[in-house]
Amino acid sequence: AKFAETGKLTAKKDLGQYAMTYKNVYVASISIHVNHQQAIRAILEAEAHPGPAVVICYSPCISQGFPMAEAITHAREAIER
């Protein structure tokens, strides 16, 4: 994938918020790096949900310029926003 050096300058679209505008959608935001139990619980709840489900998983990548030693910190920041 090709990325802009300075990053995206406009606000990103929030898939979770779009999905929550519908009545019967299960939405979860997880990071396996930060909390394994919460991630597994969210996936199981999404699978058991009778309607559509969206699980957004945040996982930093070295290709995005994050040192892997700081992966957990960046993942935590992503889900706490």
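Reader: Among contacts in the chain between residues at least 6 apart in sequence, what percentage join residues at least 24 apart?

Author: A contact means heavy atoms within 4.5 Å. In this predicted model, 58% of the contacts between residues at least 6 apart in sequence join residues at least 24 apart. Residues are numbered from 1 along each chain as its sequence is written, local features need pLDDT of at least 70, side-chain atom pairs count only at pLDDT 80 or more, and totals for chains, interfaces and linings use all residues. Side-chain values use heavy atoms, with hydrogens and water left out.

Reader: In what order do the elements of the chain run from the N terminus on?

Author: Helices (H or I, at least four residues) and strands (E, at least two) are DSSP runs, numbered from the N terminus. Here the order is α-β-α-β-α, with three helices and two strands.

Reader: Which residues form the largest nonpolar core?

Author: A nonpolar core is a set of buried Ala, Val, Leu, Ile, Met, Phe, Trp, Tyr and Cys residues joined through side-chain atoms within 4.5 Å. Buried means under 20% relative accessible area, exposed over 50%, and partly exposed in between (1.4 Å probe, protein chains only). The largest such core has six residues: Tyr26, Ala28, Ile30, Ala39, Ala42 and Ala46. Both β1 (26-30) and α2 (36-48) supply at least two residues of this core.
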